[in-house]
Amino acid sequence: MADRIYLGGPVLTMDDRQPEVEAVAVKDGRILSVGTEEEVMDRKGANTEIHDLKGRALLPGFVDSHGHVVVGGLQALSANLLAPPDGEVRDIAGLIETLNDWVEENAEIAQQVNLIAGFGYDQSQLAEQRHPTRKDLDAVSAEIPVVIIHQSGHFGVLNSPGLEAAGIDASTDDPDGGLIRRGEDGGPNGVLEENAFFMALGKLFGGIGPEGFKAFVKAGAGLWASYGYTTAQEGRATPQTTEIVKAFGAEGALPVDIVIYPDVLVDRDYIAESVSLAYDNRVRVGGAKLTIDGSPQGFTALRDRPYYDPVGDYPPGYAGYAAATMEQVISAVNWAFDNDIQLITHANGEGASDMLLAAIKAASKESEGEDRRPVLIHGQFLREDQVDSLQALDVFPSVFPMHTFYWGDWHRDHTVGPVNAENISPTGWIRSRGMKFGTHHDAPVAFPDSMRVLDATVTRRTRSGDILGPSQRVDVLTALKAMTIWPAWQHFEEDEKGSIEVGKLADFVILSENPLAVDPENLDQLKVMETIKEGQVVYRADGTGYQGAFPAGTSMAMGREFLEALEDAGSEE
(Lines give C-alpha, C1' and ligand atoms only; values in the text may rest on other atoms or scores of the structure.)
Protein backbone atom coordinates (compact mmCIF):
# COMPACT_ATOMS: atom_id res chain seq x y z
CA MET A 1 0.00 0.00 0.00
CA ALA A 2 1.19 3.51 -0.85
CA ASP A 3 2.38 6.12 1.60
CA ARG A 4 1.05 8.83 -0.71
CA ILE A 5 -0.88 9.13 -3.97
CA TYR A 6 -0.73 12.16 -6.26
CA LEU A 7 -3.72 12.81 -8.52
CA GLY A 8 -5.98 15.57 -9.77
CA GLY A 9 -3.61 17.09 -12.32
CA PRO A 10 -1.47 16.19 -15.30
CA VAL A 11 1.53 13.98 -14.53
CA LEU A 12 4.28 14.45 -17.13
CA THR A 13 6.48 11.39 -16.84
CA MET A 14 9.31 11.97 -19.42
CA ASP A 15 8.78 8.28 -20.20
CA ASP A 16 8.01 7.95 -23.92
CA ARG A 17 6.01 4.77 -23.29
CA GLN A 18 3.40 6.73 -21.32
CA PRO A 19 4.23 10.46 -21.51
CA GLU A 20 1.26 11.62 -19.42
CA VAL A 21 -0.68 9.78 -16.72
CA GLU A 22 -3.35 10.58 -14.17
CA ALA A 23 -1.79 9.46 -10.90
CA VAL A 24 1.35 8.28 -9.09
CA ALA A 25 1.76 6.25 -5.90
CA VAL A 26 4.81 6.47 -3.64
CA LYS A 27 6.12 4.03 -1.04
CA ASP A 28 9.28 4.43 1.07
CA GLY A 29 10.63 7.21 -1.12
CA ARG A 30 10.19 5.33 -4.40
CA ILE A 31 7.57 5.23 -7.11
CA LEU A 32 5.17 2.35 -6.50
CA SER A 33 2.62 2.76 -9.28
CA VAL A 34 2.08 4.97 -12.34
CA GLY A 35 -1.05 5.08 -14.50
CA THR A 36 -4.73 5.92 -14.49
CA GLU A 37 -6.36 7.12 -11.31
CA GLU A 38 -8.27 3.84 -11.08
CA GLU A 39 -5.10 1.77 -11.42
CA VAL A 40 -3.13 3.76 -8.89
CA MET A 41 -5.94 3.94 -6.34
CA ASP A 42 -5.67 0.15 -6.03
CA ARG A 43 -2.60 1.01 -3.91
CA LYS A 44 -4.62 3.08 -1.43
CA GLY A 45 -4.52 1.75 2.10
CA ALA A 46 -5.91 2.91 5.41
CA ASN A 47 -2.95 5.23 6.03
CA THR A 48 -2.35 6.43 2.48
CA GLU A 49 -2.27 10.20 2.10
CA ILE A 50 -4.02 11.57 -1.00
CA HIS A 51 -2.36 14.63 -2.51
CA ASP A 52 -4.79 16.50 -4.77
CA LEU A 53 -2.80 18.45 -7.36
CA LYS A 54 -5.83 20.68 -8.03
CA GLY A 55 -4.97 20.97 -11.69
CA ARG A 56 -1.29 21.68 -11.18
CA ALA A 57 1.34 19.62 -13.01
CA LEU A 58 3.60 16.97 -11.49
CA LEU A 59 6.96 16.37 -13.18
CA PRO A 60 10.20 14.55 -12.31
CA GLY A 61 12.44 16.66 -10.10
CA PHE A 62 14.87 18.73 -12.15
CA VAL A 63 18.44 17.45 -12.44
CA ASP A 64 21.12 20.14 -12.50
CA SER A 65 23.12 19.69 -15.71
CA HIS A 66 25.68 22.26 -14.55
CA GLY A 67 25.84 24.66 -11.63
CA HIS A 68 27.86 25.60 -8.59
CA VAL A 69 25.66 24.97 -5.58
CA VAL A 70 28.33 25.87 -3.00
CA VAL A 71 29.27 29.12 -4.69
CA GLY A 72 25.56 29.71 -5.24
CA GLY A 73 25.34 30.08 -1.50
CA LEU A 74 27.76 32.98 -1.85
CA GLN A 75 24.80 35.05 -2.97
CA ALA A 76 23.59 34.72 0.61
CA LEU A 77 26.62 36.65 1.79
CA SER A 78 26.69 39.21 -0.98
CA ALA A 79 25.00 42.40 -1.98
CA ASN A 80 22.82 41.73 -5.05
CA LEU A 81 24.48 43.56 -7.94
CA LEU A 82 22.45 41.90 -10.69
CA ALA A 83 20.72 43.91 -13.39
CA PRO A 84 16.94 43.64 -13.92
CA PRO A 85 14.99 41.37 -13.83
CA ASP A 86 17.03 39.68 -11.07
CA GLY A 87 18.31 42.86 -9.41
CA GLU A 88 18.19 46.64 -9.65
CA VAL A 89 21.72 47.69 -10.64
CA ARG A 90 21.81 49.69 -13.87
CA ASP A 91 24.93 51.84 -13.50
CA ILE A 92 28.04 52.21 -11.36
CA ALA A 93 26.41 54.78 -9.08
CA GLY A 94 23.60 52.30 -8.39
CA LEU A 95 26.17 49.56 -7.77
CA ILE A 96 27.95 51.70 -5.17
CA GLU A 97 24.63 52.61 -3.55
CA THR A 98 23.64 48.93 -3.32
CA LEU A 99 26.96 48.06 -1.69
CA ASN A 100 26.61 50.94 0.78
CA ASP A 101 23.09 49.81 1.67
CA TRP A 102 24.36 46.29 2.31
CA VAL A 103 27.18 47.59 4.51
CA GLU A 104 24.74 49.68 6.53
CA GLU A 105 22.56 46.63 7.19
CA ASN A 106 25.45 44.21 7.81
CA ALA A 107 28.24 46.32 9.30
CA GLU A 108 28.88 43.91 12.19
CA ILE A 109 29.26 40.91 9.88
CA ALA A 110 31.49 42.84 7.48
CA GLN A 111 33.78 43.65 10.40
CA GLN A 112 33.68 40.06 11.65
CA VAL A 113 34.80 38.50 8.36
CA ASN A 114 36.79 41.59 7.28
CA LEU A 115 35.10 41.60 3.90
CA ILE A 116 32.39 43.38 1.95
CA ALA A 117 31.16 41.33 -1.01
CA GLY A 118 28.80 41.92 -3.90
CA PHE A 119 27.78 39.48 -6.60
CA GLY A 120 26.42 39.76 -10.12
CA TYR A 121 27.59 43.00 -11.71
CA ASP A 122 27.79 42.85 -15.49
CA GLN A 123 29.53 45.58 -17.44
CA SER A 124 27.39 44.78 -20.49
CA GLN A 125 24.30 45.84 -18.51
CA LEU A 126 25.81 48.92 -16.86
CA ALA A 127 25.13 52.29 -18.47
CA GLU A 128 28.88 52.96 -18.59
CA GLN A 129 29.59 49.56 -20.25
CA ARG A 130 32.80 49.20 -18.28
CA HIS A 131 33.99 47.35 -15.21
CA PRO A 132 34.09 49.33 -11.95
CA THR A 133 37.61 49.96 -10.64
CA ARG A 134 39.42 50.06 -7.32
CA LYS A 135 38.74 53.80 -7.12
CA ASP A 136 35.00 53.21 -7.45
CA LEU A 137 35.07 50.60 -4.68
CA ASP A 138 37.29 52.71 -2.41
CA ALA A 139 34.24 54.94 -2.05
CA VAL A 140 32.51 52.04 -0.28
CA SER A 141 35.35 51.45 2.19
CA ALA A 142 38.94 52.55 2.48
CA GLU A 143 39.59 50.19 5.42
CA ILE A 144 37.79 46.88 4.77
CA PRO A 145 38.50 44.79 1.65
CA VAL A 146 35.70 45.02 -0.93
CA VAL A 147 35.27 42.44 -3.68
CA ILE A 148 32.59 42.40 -6.32
CA ILE A 149 32.15 39.35 -8.52
CA HIS A 150 31.12 39.53 -12.15
CA GLN A 151 27.94 37.66 -13.07
CA SER A 152 29.99 35.25 -15.17
CA GLY A 153 32.18 34.41 -12.16
CA HIS A 154 35.28 34.92 -14.31
CA PHE A 155 36.09 38.49 -13.27
CA GLY A 156 36.19 40.43 -10.06
CA VAL A 157 37.06 43.89 -8.82
CA LEU A 158 38.88 44.66 -5.56
CA ASN A 159 39.28 47.95 -3.75
CA SER A 160 42.68 49.10 -2.50
CA PRO A 161 42.54 47.20 0.83
CA GLY A 162 41.34 44.14 -1.09
CA LEU A 163 44.29 44.26 -3.46
CA GLU A 164 46.63 44.64 -0.50
CA ALA A 165 45.04 41.67 1.28
CA ALA A 166 45.40 39.60 -1.91
CA GLY A 167 49.07 40.58 -2.21
CA ILE A 168 48.65 42.34 -5.55
CA ASP A 169 50.59 45.49 -6.40
CA ALA A 170 52.41 47.06 -9.35
CA SER A 171 55.20 44.47 -9.13
CA THR A 172 52.87 41.44 -9.27
CA ASP A 173 53.12 39.45 -12.49
CA ASP A 174 50.06 38.16 -14.32
CA PRO A 175 49.50 34.47 -13.48
CA ASP A 176 49.20 31.86 -16.22
CA GLY A 177 45.65 31.94 -17.58
CA GLY A 178 44.83 35.25 -15.91
CA LEU A 179 45.27 39.00 -16.16
CA ILE A 180 45.69 41.86 -13.70
CA ARG A 181 44.33 44.94 -15.43
CA ARG A 182 46.43 48.03 -14.85
CA GLY A 183 46.04 51.78 -14.88
CA GLU A 184 48.19 54.38 -16.60
CA ASP A 185 50.66 54.28 -13.70
CA GLY A 186 51.23 50.54 -14.20
CA GLY A 187 49.55 49.64 -10.93
CA PRO A 188 46.50 47.36 -10.70
CA ASN A 189 43.22 49.15 -11.41
CA GLY A 190 41.30 46.57 -9.37
CA VAL A 191 39.90 44.46 -12.23
CA LEU A 192 41.13 40.86 -12.22
CA GLU A 193 40.49 38.26 -14.93
CA GLU A 194 40.28 34.47 -14.68
CA ASN A 195 43.10 32.86 -12.66
CA ALA A 196 44.23 36.22 -11.28
CA PHE A 197 40.76 36.65 -9.79
CA PHE A 198 40.40 33.06 -8.56
CA MET A 199 43.70 33.28 -6.68
CA ALA A 200 42.75 36.59 -5.06
CA LEU A 201 39.31 35.30 -4.08
CA GLY A 202 40.87 32.33 -2.32
CA LYS A 203 42.93 34.68 -0.16
CA LEU A 204 40.04 37.02 0.62
CA PHE A 205 37.68 34.22 1.61
CA GLY A 206 40.21 32.51 3.84
CA GLY A 207 38.63 34.02 6.94
CA ILE A 208 35.19 32.51 6.41
CA GLY A 209 36.23 29.04 7.56
CA PRO A 210 34.50 25.64 7.33
CA GLU A 211 31.36 26.68 9.22
CA GLY A 212 30.89 29.64 6.94
CA PHE A 213 31.18 27.39 3.91
CA LYS A 214 28.65 25.00 5.42
CA ALA A 215 26.29 27.95 5.53
CA PHE A 216 27.05 28.47 1.83
CA VAL A 217 26.06 24.85 1.18
CA LYS A 218 22.83 25.16 3.14
CA ALA A 219 21.79 28.35 1.42
CA GLY A 220 22.75 27.04 -2.02
CA ALA A 221 20.96 23.72 -1.63
CA GLY A 222 17.89 25.53 -0.38
CA LEU A 223 17.92 27.88 -3.33
CA TRP A 224 18.19 24.97 -5.80
CA ALA A 225 15.26 23.25 -4.08
CA SER A 226 13.16 26.39 -4.41
CA TYR A 227 13.46 26.15 -8.19
CA GLY A 228 12.46 22.47 -8.34
CA TYR A 229 15.91 20.85 -8.47
CA THR A 230 16.19 17.58 -6.57
CA THR A 231 19.74 16.97 -7.78
CA ALA A 232 22.28 19.81 -7.67
CA GLN A 233 25.80 20.01 -9.00
CA GLU A 234 28.95 21.61 -7.64
CA GLY A 235 30.74 21.96 -10.94
CA ARG A 236 34.21 22.99 -9.80
CA ALA A 237 35.44 22.19 -6.33
CA THR A 238 38.61 21.70 -4.35
CA PRO A 239 39.23 18.75 -2.04
CA GLN A 240 38.66 21.12 0.90
CA THR A 241 35.23 22.32 -0.26
CA THR A 242 34.27 18.76 -1.17
CA GLU A 243 35.01 17.61 2.36
CA ILE A 244 32.96 20.51 3.75
CA VAL A 245 29.97 19.45 1.64
CA LYS A 246 30.41 15.87 2.85
CA ALA A 247 30.54 17.05 6.45
CA PHE A 248 27.36 19.05 6.01
CA GLY A 249 25.69 16.07 4.38
CA ALA A 250 26.68 13.91 7.35
CA GLU A 251 24.70 16.28 9.57
CA GLY A 252 21.56 15.13 7.71
CA ALA A 253 20.63 18.62 6.60
CA LEU A 254 20.79 18.42 2.80
CA PRO A 255 17.40 18.70 1.07
CA VAL A 256 18.73 17.55 -2.33
CA ASP A 257 21.45 15.34 -3.77
CA ILE A 258 24.73 17.04 -4.69
CA VAL A 259 27.14 15.71 -7.33
CA ILE A 260 30.62 17.22 -7.02
CA TYR A 261 33.34 17.58 -9.65
CA PRO A 262 36.70 18.62 -8.13
CA ASP A 263 39.19 20.49 -10.32
CA VAL A 264 41.33 18.01 -12.27
CA LEU A 265 44.29 20.41 -12.20
CA VAL A 266 44.36 20.50 -8.38
CA ASP A 267 44.50 16.97 -6.90
CA ARG A 268 43.88 13.95 -9.13
CA ASP A 269 44.70 11.43 -6.42
CA TYR A 270 41.90 12.83 -4.28
CA ILE A 271 39.44 12.53 -7.16
CA ALA A 272 40.45 8.98 -7.97
CA GLU A 273 40.04 7.95 -4.33
CA SER A 274 36.70 9.73 -3.91
CA VAL A 275 34.76 9.16 -7.13
CA SER A 276 31.65 7.02 -6.70
CA LEU A 277 28.29 6.33 -8.31
CA ALA A 278 26.72 5.92 -4.85
CA TYR A 279 25.55 8.77 -2.63
CA ASP A 280 26.62 9.00 0.98
CA ASN A 281 24.34 11.34 2.92
CA ARG A 282 23.18 12.80 -0.42
CA VAL A 283 26.71 13.65 -1.56
CA ARG A 284 28.99 11.98 -4.09
CA VAL A 285 32.01 12.85 -6.21
CA GLY A 286 30.93 12.26 -9.79
CA GLY A 287 34.21 12.87 -11.59
CA ALA A 288 36.57 15.70 -12.44
CA LYS A 289 36.24 19.23 -13.83
CA LEU A 290 38.54 20.84 -16.40
CA THR A 291 38.36 24.53 -17.33
CA ILE A 292 39.89 25.52 -20.68
CA ASP A 293 38.75 29.12 -21.19
CA GLY A 294 36.69 31.89 -19.69
CA SER A 295 33.62 34.05 -20.24
CA PRO A 296 32.16 34.73 -23.69
CA GLN A 297 30.34 37.89 -22.64
CA GLY A 298 33.51 39.06 -20.90
CA PHE A 299 35.69 38.41 -23.98
CA THR A 300 37.94 35.87 -22.24
CA ALA A 301 36.52 32.78 -24.00
CA LEU A 302 39.00 31.41 -26.53
CA ARG A 303 37.66 31.85 -30.05
CA ASP A 304 38.90 30.55 -33.38
CA ARG A 305 38.58 34.05 -34.86
CA PRO A 306 38.61 37.65 -33.56
CA TYR A 307 35.76 38.98 -31.46
CA TYR A 308 33.24 40.94 -33.50
CA ASP A 309 33.29 44.30 -31.67
CA PRO A 310 34.70 43.88 -28.16
CA VAL A 311 34.02 46.74 -25.75
CA GLY A 312 37.26 47.77 -24.04
CA ASP A 313 40.94 48.15 -24.70
CA TYR A 314 41.67 45.11 -26.87
CA PRO A 315 44.35 44.76 -29.58
CA PRO A 316 43.36 44.20 -33.23
CA GLY A 317 42.49 40.58 -33.89
CA TYR A 318 41.86 39.81 -30.20
CA ALA A 319 40.33 36.33 -29.84
CA GLY A 320 40.45 35.68 -26.08
CA TYR A 321 42.83 33.28 -24.38
CA ALA A 322 43.08 29.86 -22.80
CA ALA A 323 43.04 29.27 -19.06
CA ALA A 324 44.76 25.90 -19.57
CA THR A 325 47.55 24.82 -21.90
CA MET A 326 47.10 22.17 -24.57
CA GLU A 327 49.48 19.98 -22.58
CA GLN A 328 47.24 20.30 -19.51
CA VAL A 329 44.14 19.48 -21.54
CA ILE A 330 45.74 16.38 -23.08
CA SER A 331 47.05 15.25 -19.71
CA ALA A 332 43.66 15.69 -18.02
CA VAL A 333 41.73 13.88 -20.75
CA ASN A 334 44.23 10.99 -20.90
CA TRP A 335 44.17 10.61 -17.12
CA ALA A 336 40.37 10.59 -17.03
CA PHE A 337 40.13 8.04 -19.85
CA ASP A 338 42.85 5.81 -18.39
CA ASN A 339 41.08 5.77 -15.02
CA ASP A 340 37.50 5.55 -16.37
CA ILE A 341 36.61 8.80 -14.61
CA GLN A 342 34.00 11.13 -16.01
CA LEU A 343 35.44 14.48 -17.09
CA ILE A 344 33.27 17.56 -17.48
CA THR A 345 34.97 20.41 -19.32
CA HIS A 346 34.24 24.12 -19.46
CA ALA A 347 34.81 25.26 -23.05
CA ASN A 348 32.94 28.32 -24.29
CA GLY A 349 34.79 29.54 -27.39
CA GLU A 350 35.37 27.60 -30.59
CA GLY A 351 39.10 27.51 -29.90
CA ALA A 352 38.58 25.94 -26.48
CA SER A 353 36.18 23.35 -27.92
CA ASP A 354 38.76 22.51 -30.60
CA MET A 355 41.32 21.84 -27.86
CA LEU A 356 38.95 19.53 -25.98
CA LEU A 357 37.78 17.62 -29.04
CA ALA A 358 41.34 17.08 -30.27
CA ALA A 359 42.36 15.67 -26.89
CA ILE A 360 39.32 13.38 -26.66
CA LYS A 361 39.82 12.14 -30.23
CA ALA A 362 43.43 11.21 -29.48
CA ALA A 363 42.56 9.59 -26.15
CA SER A 364 39.74 7.58 -27.72
CA LYS A 365 42.22 5.98 -30.11
CA GLU A 366 44.66 5.08 -27.36
CA SER A 367 42.38 4.11 -24.48
CA GLU A 368 39.59 1.58 -24.17
CA GLY A 369 37.45 1.35 -21.08
CA GLU A 370 33.99 1.63 -19.63
CA ASP A 371 31.33 4.14 -20.56
CA ARG A 372 32.83 7.51 -19.46
CA ARG A 373 30.25 10.01 -20.76
CA PRO A 374 32.58 13.01 -21.09
CA VAL A 375 30.67 16.29 -20.95
CA LEU A 376 31.22 19.57 -22.78
CA ILE A 377 30.03 22.39 -20.53
CA HIS A 378 28.64 25.53 -22.23
CA GLY A 379 29.93 25.27 -25.84
CA GLN A 380 28.50 28.72 -26.32
CA PHE A 381 30.02 29.38 -29.76
CA LEU A 382 30.05 25.83 -31.15
CA ARG A 383 30.45 25.48 -34.91
CA GLU A 384 28.24 22.93 -36.66
CA ASP A 385 31.23 20.73 -37.51
CA GLN A 386 32.05 20.66 -33.79
CA VAL A 387 28.55 19.35 -33.05
CA ASP A 388 29.31 16.56 -35.53
CA SER A 389 32.49 15.82 -33.58
CA LEU A 390 30.59 15.74 -30.28
CA GLN A 391 28.30 13.12 -31.78
CA ALA A 392 31.15 11.08 -33.26
CA LEU A 393 33.12 11.10 -29.99
CA ASP A 394 30.10 10.44 -27.72
CA VAL A 395 30.56 13.71 -25.84
CA PHE A 396 27.45 14.89 -24.00
CA PRO A 397 26.73 18.61 -24.55
CA SER A 398 25.50 20.54 -21.52
CA VAL A 399 24.57 23.87 -23.08
CA PHE A 400 23.51 27.26 -21.74
CA PRO A 401 20.47 28.62 -23.65
CA MET A 402 19.84 31.18 -20.89
CA HIS A 403 22.58 33.16 -22.65
CA THR A 404 20.03 33.98 -25.35
CA PHE A 405 18.03 35.92 -22.76
CA TYR A 406 20.73 37.44 -20.57
CA TRP A 407 23.42 38.18 -23.18
CA GLY A 408 21.87 37.47 -26.56
CA ASP A 409 21.80 41.15 -27.53
CA TRP A 410 25.41 41.55 -26.34
CA HIS A 411 26.54 38.54 -28.37
CA ARG A 412 24.77 39.87 -31.46
CA ASP A 413 26.28 43.34 -31.14
CA HIS A 414 29.73 42.66 -29.66
CA THR A 415 31.03 39.11 -29.20
CA VAL A 416 30.24 37.13 -32.37
CA GLY A 417 28.11 39.47 -34.46
CA PRO A 418 24.56 39.18 -35.85
CA VAL A 419 25.20 36.16 -38.09
CA ASN A 420 26.95 33.84 -35.65
CA ALA A 421 24.84 34.97 -32.69
CA GLU A 422 21.93 33.11 -34.26
CA ASN A 423 23.66 29.83 -33.41
CA ILE A 424 24.86 30.31 -29.85
CA SER A 425 23.78 27.40 -27.64
CA PRO A 426 22.84 25.39 -30.77
CA THR A 427 20.19 23.05 -29.43
CA GLY A 428 18.57 22.81 -32.88
CA TRP A 429 21.75 21.43 -34.43
CA ILE A 430 22.09 18.99 -31.54
CA ARG A 431 18.54 17.64 -31.80
CA SER A 432 18.64 17.40 -35.59
CA ARG A 433 21.30 14.74 -35.05
CA GLY A 434 19.19 12.85 -32.53
CA MET A 435 21.54 13.67 -29.66
CA LYS A 436 20.64 14.04 -26.01
CA PHE A 437 21.69 17.24 -24.26
CA GLY A 438 21.38 19.04 -20.95
CA THR A 439 20.50 22.67 -20.28
CA HIS A 440 21.87 24.58 -17.33
CA HIS A 441 21.90 27.86 -15.44
CA ASP A 442 25.53 27.81 -14.21
CA ALA A 443 24.31 29.44 -10.99
CA PRO A 444 25.38 31.70 -9.45
CA VAL A 445 26.03 33.12 -12.96
CA ALA A 446 22.23 33.34 -13.03
CA PHE A 447 19.73 32.22 -10.44
CA PRO A 448 19.04 28.48 -10.78
CA ASP A 449 15.70 29.54 -12.25
CA SER A 450 14.33 26.39 -13.88
CA MET A 451 11.49 28.20 -15.65
CA ARG A 452 13.90 30.77 -17.10
CA VAL A 453 16.00 27.86 -18.41
CA LEU A 454 12.88 26.28 -19.93
CA ASP A 455 11.68 29.55 -21.45
CA ALA A 456 15.05 30.42 -22.99
CA THR A 457 15.46 26.97 -24.53
CA VAL A 458 12.03 27.14 -26.18
CA THR A 459 11.74 30.81 -27.17
CA ARG A 460 15.36 32.14 -27.38
CA ARG A 461 13.97 35.62 -26.72
CA THR A 462 16.53 38.22 -25.62
CA ARG A 463 16.15 40.99 -23.04
CA SER A 464 15.28 43.39 -25.87
CA GLY A 465 12.60 41.05 -27.23
CA ASP A 466 14.56 39.81 -30.23
CA ILE A 467 14.42 36.10 -31.09
CA LEU A 468 17.96 34.85 -31.51
CA GLY A 469 18.22 31.89 -33.86
CA PRO A 470 14.65 30.67 -34.38
CA SER A 471 15.99 27.53 -36.10
CA GLN A 472 17.79 26.59 -32.86
CA ARG A 473 14.57 26.51 -30.81
CA VAL A 474 13.16 23.21 -29.54
CA ASP A 475 9.69 22.20 -28.37
CA VAL A 476 8.65 22.26 -24.71
CA LEU A 477 8.81 18.50 -24.16
CA THR A 478 12.35 18.35 -25.55
CA ALA A 479 13.34 21.25 -23.32
CA LEU A 480 11.87 19.44 -20.30
CA LYS A 481 13.81 16.26 -21.12
CA ALA A 482 16.98 18.39 -21.17
CA MET A 483 16.21 19.28 -17.53
CA THR A 484 15.22 15.81 -16.31
CA ILE A 485 15.93 12.46 -17.97
CA TRP A 486 18.87 13.54 -20.15
CA PRO A 487 20.94 15.20 -17.38
CA ALA A 488 20.10 12.17 -15.23
CA TRP A 489 21.78 10.12 -17.98
CA GLN A 490 24.63 12.63 -18.01
CA HIS A 491 25.23 11.81 -14.33
CA PHE A 492 24.88 8.00 -14.79
CA GLU A 493 21.62 8.18 -12.82
CA GLU A 494 19.00 7.46 -15.49
CA ASP A 495 17.95 4.26 -13.68
CA GLU A 496 17.10 6.21 -10.52
CA LYS A 497 16.03 9.68 -11.62
CA GLY A 498 14.78 11.88 -14.43
CA SER A 499 11.43 10.23 -15.20
CA ILE A 500 8.36 9.04 -13.35
CA GLU A 501 8.60 5.25 -13.62
CA VAL A 502 7.96 2.44 -11.17
CA GLY A 503 10.99 1.76 -8.99
CA LYS A 504 12.68 5.13 -9.44
CA LEU A 505 13.16 7.65 -6.66
CA ALA A 506 10.11 9.75 -5.84
CA ASP A 507 11.81 13.00 -6.84
CA PHE A 508 9.13 15.41 -8.09
CA VAL A 509 8.38 19.03 -8.78
CA ILE A 510 4.88 20.49 -8.83
CA LEU A 511 4.37 23.45 -11.17
CA SER A 512 1.56 25.98 -11.07
CA GLU A 513 0.38 24.96 -14.55
CA ASN A 514 1.07 22.38 -17.23
CA PRO A 515 4.07 23.64 -19.26
CA LEU A 516 2.83 21.67 -22.28
CA ALA A 517 -0.49 23.52 -22.23
CA VAL A 518 0.47 27.17 -21.65
CA ASP A 519 1.54 29.71 -24.26
CA PRO A 520 5.31 29.15 -24.72
CA GLU A 521 5.82 32.90 -24.31
CA ASN A 522 4.59 32.53 -20.73
CA LEU A 523 6.80 29.65 -19.62
CA ASP A 524 8.92 31.94 -17.46
CA GLN A 525 5.76 32.85 -15.51
CA LEU A 526 5.24 29.29 -14.25
CA LYS A 527 5.94 28.83 -10.54
CA VAL A 528 7.44 25.99 -8.57
CA MET A 529 4.81 25.16 -5.95
CA GLU A 530 6.49 22.17 -4.30
CA THR A 531 9.73 20.24 -4.55
CA ILE A 532 9.65 16.64 -3.31
CA LYS A 533 12.78 14.59 -2.66
CA GLU A 534 12.28 10.84 -2.17
CA GLY A 535 8.67 11.40 -1.19
CA GLN A 536 9.39 14.21 1.30
CA VAL A 537 8.53 17.86 0.67
CA VAL A 538 11.72 19.93 0.78
CA TYR A 539 10.22 23.15 -0.54
CA ARG A 540 6.79 24.74 -0.66
CA ALA A 541 6.07 28.12 -2.17
CA ASP A 542 4.14 29.07 0.96
CA GLY A 543 7.33 28.67 3.01
CA THR A 544 6.30 25.60 5.00
CA GLY A 545 8.94 23.23 3.55
CA TYR A 546 12.60 22.72 4.32
CA GLN A 547 13.80 25.70 6.34
CA GLY A 548 16.87 26.23 4.17
CA ALA A 549 14.81 26.68 0.99
CA PHE A 550 13.72 30.18 0.16
CA PRO A 551 11.09 31.37 -2.31
CA ALA A 552 12.55 32.11 -5.72
CA GLY A 553 14.57 35.30 -5.80
CA THR A 554 14.42 36.14 -2.09
CA SER A 555 18.13 36.63 -1.68
CA MET A 556 17.60 38.88 1.35
CA ALA A 557 16.06 35.94 3.23
CA MET A 558 19.04 33.86 2.20
CA GLY A 559 21.34 36.60 3.41
CA ARG A 560 19.76 36.70 6.85
CA GLU A 561 20.02 32.90 7.11
CA PHE A 562 23.66 32.94 6.08
CA LEU A 563 24.64 35.79 8.36
CA GLU A 564 22.96 34.17 11.33
CA ALA A 565 24.82 30.93 10.65
CA LEU A 566 28.08 32.77 10.21
CA GLU A 567 27.51 34.70 13.41
CA ASP A 568 26.76 31.47 15.30
CA ALA A 569 29.92 29.87 13.92
CA GLY A 570 31.97 32.86 14.99
CA SER A 571 30.57 32.80 18.52
CA GLU A 572 31.26 29.05 18.80
CA GLU A 573 34.88 29.58 17.77
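In the predicted model, alanine 237 of strand S13 has proline 262 of S14 as its bridge partner. Strand S13 (residues 229-237) and strand S14 (residues 257-262) run parallel and are joined by five bridges. Both belong to an open sheet of four strands, ordered S6-S13-S14-S15, in which the pairing is parallel. The edges of this sheet are formed by strand S6 (62-63) and strand S15 (283-285), each of which pairs on one side only. Helix H10 (residues 239-250) packs on the sheet and touches S13, S14 and S15. The direction of helix H10 makes about 155 degrees with that of S15.

Phenylalanine 299 and tyrosine 307 are both buried. Phenylalanine 299 also pairs with tryptophan 410; this pair is tilted, with the ring centres 6.0 Å apart and the planes at 40 degrees. Phenylalanine 299 lies in the loop between strand S16 (288-291) and helix H12 (326-338), whereas tryptophan 410 lies in helix H16 (residues 408-415), so the pair ties together parts that are 111 residues apart in sequence. Tryptophan 410, like phenylalanine 299, is buried. Ring pairs extend to a cluster made up of Phe299, Tyr307, Tyr314, Tyr318 and Trp410.

The charged end of arginine 236 sits over the ring of phenylalanine 198, at 5.0 Å from its centre. Arginine 373 is placed over the face of tryptophan 489, 4.0 Å from the ring centre.

The largest nonpolar core contains 127 residues. Within this core, Val147, Val333 and Leu454 have the most contacts. When residues up to four places away in sequence are not counted, valine 333 touches Leu343, Leu356, Ala359, Ile360 and Ala363. Another core, of 20 residues, lies apart from the largest one. Among the residues of this other core are Leu81, Val89, Ile92 and Val146.

Note on methods:
Residues are numbered from 1 along each chain as its sequence is written. This is a predicted model: local features need pLDDT of at least 70, side-chain atom pairs count only at pLDDT 80 or more; totals for chains, interfaces and linings use all residues. Side-chain values use heavy atoms; hydrogens and water are left out. Buried means under 20% relative accessible area, exposed over 50%, partly exposed in between (1.4 Å probe, protein chains only). Rings of Phe, Tyr and Trp (its six-membered ring) pair if their centres lie within 6.5 Å; planes under 30 degrees apart count as stacked, over 60 as edge-to-face and the rest as tilted. Helices (H or I, at least four residues) and strands (E, at least two) are DSSP runs, numbered from the N terminus. A charge sits over a ring if NZ of Lys or CZ of Arg is within 6 Å of the ring centre and within 35 degrees of the ring normal. A nonpolar core is a set of buried Ala, Val, Leu, Ile, Met, Phe, Trp, Tyr and Cys residues joined through side-chain atoms within 4.5 Å. Contact means heavy atoms within 4.5 Å. Two strands pair if DSSP finds at least two bridges between them. Axes are lines fitted to C-alpha atoms, for helices over the stretch in contact, and angles run from 0 to 180 degrees between N-to-C directions.
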